[in-house]
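The stops below are to be selected one after another.

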Amino acid sequence: MNVIGLDSLVFGVEDFDDCVRALRDYGLRKVDRVMEGAEYAALDGTSIEVRRSGDAGLPEAIGRSPNIRETVYGVADAATLEQIGAELGKDRPVFLDGEGTLHSRDDSGIAIAFRVTRRRPFQATPVLTNVPGLPPQRPVNVVAASHDSEALPHSLSHVVYFVPDVAKAERFYVDRLGFRVVDRFTGVGPFLRPAGTFEHHTLFLIQAPAHMAGINHFTFHFSGPNELLKAGWRFADKGWKSFWGPGRHIFGSNYFWYFNSPFGGAFEFDADMDLHDDSWVPRETPANSVTSQIFLFDYRPLWSPNGDPH
């Protein structure tokens with residue numbers, strides 16, 4: 001099935017204004033705001049929708065609030081949407097809304113939806129790095145560092161769930177929706193990618209007690225490590241609490257930086273993820289501090305050996 005990746009994540013939250021502030025500070029751009037909620041999007045149109053937890057229009061929660069209430073996947077075309085509807089309709093309720101989005105639930109009870117993707121093309125600035133021993137990528141007199149340059153999220157990258165039965169959850173995505181296991185943390189869960197992308201993972205499943213069911217974290221791609229570090233530092237400077245990173249993962253190779261958030265799970269910054277095709281042989285290793293990252297740093301405020309000029 002030609003599922004491309006995430007189109008949108010829908011949250012039911014307790015502190016609506018704080019969530020909107022987080023999305024804005026992260027660098028997402030406001031799409032629409034009505035009485036029921038707000039939507040903020042990356043450069044390609046992938047987005048986060050935030051609504052108050054008591055909103056009757058939200059799918060029923062599977063766990064504590066705040067939490068993710070629906071994961072919306074983008075698919076390549078109407079034929080894929082029809083194929084998914086026929087497959088899931090064999091054993092569970094499925095309905096198509098007036099906007100052409102197909103809604104159902106996975107085997108963990110998490111609300112999932114599918115629509116012909118609303119991702120749009122955008123003009124990205126190349127990440128040019130000068131490497132000794134290679135011809136220059138960044139031309140002479142073109143500077144790479146500027147306080148004035150933007151660091152904006154490009155695309156919704158991945159979502160991570162806590163699930164009570166990780167083997168059951170994995171079978172659903174692999175057997176029913178055609179996802180592939182790319183790598184696995186032993187005793188924790190698999191990294192999964194749908195057929196329509198080569199990105200290392202769109203979904204990561206983590207075994208957890210039932211009372212923890214729902215969101216672990218979500219993230220958007222930035223253009224590269226420079227923009228990730230700049231955007232993350234900016235986010236921390238606005239008061240959001242960093243708890244892991246910046247660093248670089250081993251599974252996926254993506255640069256990362258994690259922050260606490262008012263969404264019920266962590267907010268991550270992400271850049272430069274590995275790509276894998278169907279010939280890739282999944283790796284498996286225990287999850288620990290050595291296998292989780294290849295290096296790790298801590299945030300600190302700006303500093304100079306000459307002191308603050310102000």
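Select Asp272, which counts as partly exposed because its relative accessibility is 41%; buried means under 20% relative accessible area, exposed over 50%, and partly exposed in between, with a 1.4 Å probe and protein chains only. Asp272 sits in the loop between strand E16 (266-271) and strand E17 (283-286); helices (H or I, at least four residues) and strands (E, at least two) are DSSP runs, numbered from the N terminus. Its phi is positive, about 60°, although Asp272 is not a glycine.

This is a predicted model, in which local features need pLDDT of at least 70, side-chain atom pairs count only at pLDDT 80 or more, and totals for chains, interfaces and linings use all residues. Residues are numbered from 1 along each chain as its sequence is written, and side-chain values use heavy atoms, with hydrogens and water left out.

Next, select Ser253, in the loop between E14 and strand E15 (255-259). Ser253 also has a positive phi of about 60° without being a glycine. Is Ser253 buried or exposed? With 18% relative accessibility, Ser253 counts as buried. Most residues other than glycine have a negative phi, and most peptide bonds are trans.

Two peptide bonds come next. The bond from Gly245 to Pro246 is cis, with omega near 5°, and Pro246 belongs to strand E14 (residues 242-248). The bond from Ser65 to Pro66 is cis as well, with omega near 5°; Pro66 is in the loop between strand E4 (47-52) and E5.

Move on to Ala213, in the loop between strand E12 (203-207) and strand E13 (214-222). Ala213 counts as buried because its relative accessibility is 5%. Which residues does Ala213 touch, not counting those up to four places away in sequence? They are Ile62, Gly63, Arg64, Asn67 and Phe162, where contact means heavy atoms within 4.5 Å.

Finally, select helix H2 (residues 78-88), whose buried residues are Thr80, Leu81, Ile84, Gly85, Glu87 and Leu88. These residues lie on the same side of H2 because they cover an arc of only 165° around the axis, the arc being that of the directions from the helix axis to the C-beta atoms. The buried residues of H2 pack against several elements, including strand E1 (3-13), strand E5 (67-75) and helix H3 (166-176). Turn to the face of H2 that points away from its buried side: the exposed residues there are Ala78, Ala79, Glu82 and Ala86.
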